[in-house]
Amino acid sequence: MVQRLKKKGLRITPQRLAVLGILARSADHPGVDRIYEQVKTDFPTTSLATVYKTLVLMKELGEVLEIEFSDTGNRYDGNKPYPHPHLICTECHKIIDPDLDTLAHMTRELTRDTGFKIVSHRLDFFGICPECQKKGVASEK
């Protein structure tokens, strides 16, 4: 991500680096509020607008995938900035990236069968994660 900023001649501020670091280290697709709270611990004067602007910029550069949700707020993936499937817990809102080898095959098949030139896709599976299932079982007793 940093190399992409340098290549475009864009400023690399400490706050921007902090946002990028959070995205690179996070496996759970953080939302803006969580990124903002983490950045503020090291840079208390950082504004929410700075976080938003950094995310928009990185999305435009193709370095971050934005996963849009109308009810819980958008989440961001800096590790896999390309369309890929997600498992989403409807209880705790955890997001997991499953490995699905068949997705590339499905995309080729859809292109062949429909004539569409597929430029992007979104495939999300909603359910209840194992941790929330355990909590549900415990609360039912």
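Which handedness does the crossing of α2 and α3 have? The crossing is right-handed, and the paragraphs below lead up to that contact and then go on to the rest of the fold. The model is a predicted one, in which local features need pLDDT of at least 70 and side-chain atom pairs count only at pLDDT 80 or more, while totals for chains, interfaces and linings use all residues. Residues are numbered from 1 along each chain as its sequence is written, and side-chain values use heavy atoms, with hydrogens and water left out.

The protein has six helices and five strands, where helices (H or I, at least four residues) and strands (E, at least two) are DSSP runs numbered from the N terminus. Read from the N terminus on, the elements follow the order α-α-α-α-β-β-β-β-α-β-α. The C-alpha trace spans about 55 × 45 × 25 Å along its principal axes.

We can begin with the helices. Two packed helices are described by the angle between their axes and the distance between the axes; here the axes are lines fitted to C-alpha atoms, for helices over the stretch in contact, and the angles run from 0 to 180 degrees between N-to-C directions. Helix α2 (residues 14-25) and α3 have axes that come within 10 Å and cross at roughly 125°, which makes α2 oblique to α3, given that angles under 35 degrees count as roughly parallel, over 145 as roughly antiparallel, 65 to 115 as roughly perpendicular and the rest as oblique. As for the handedness, a crossing is left-handed if the near helix is turned anticlockwise from the far one by less than a right angle, and right-handed if clockwise. In this contact (heavy atoms within 4.5 Å), A18, V19, I22 and L23 of α2 meet I35, Q38 and V39 of α3. By class, the contact of α2 with α3 has six nonpolar, one polar and no charged residues, where Ala, Val, Leu, Ile, Met, Phe, Trp, Tyr, Cys and Pro count as nonpolar, Asp, Glu, Lys and Arg as charged, and the others, Gly among them, as polar.

Helix α3 (residues 32-42) also packs with helix α4 (residues 48-60), at an angle of about 120° and with the axes 10 Å apart, which makes α3 oblique to α4. The contact brings together V32, D33, I35 and Y36 of α3 and L48, V51, Y52 and L55 of α4, and by class it has seven nonpolar, no polar and one charged residues. The crossing of α3 past α4 is right-handed.

The axes of α2 and α4 come within 10 Å and cross at roughly 65°, and α2 passes α4 in a right-handed crossing. On the α2 side the contact is made by Q15, R16, V19, L20 and L23, and on the α4 side by T50, V51, T54, L55, L57 and M58; these residues divide into seven nonpolar, three polar and one charged.

We now turn to the strands, two of which pair if DSSP finds at least two bridges between them. Three strands form an open sheet in the order β4-β3-β5, with mixed pairing. Because β4 and β5 stand at the edges, each with a single partner strand, one side of each is left without a neighbour in the sheet. Strand β3 (residues 86-89) pairs with strand β5 (residues 124-127) in the parallel sense over four bridges, whereas two bridges join β3 to strand β4 (residues 95-96), and these two run antiparallel. L87 has F125 as its bridge partner in β5 and I96 as its bridge partner in β4, while the partner of I88 in β4 is I95. Five residues lie between β3 and β4, which form a hairpin, and H93 in the turn has a positive phi of about 70°.

Just after α5, G115 takes a positive phi of about 80°.
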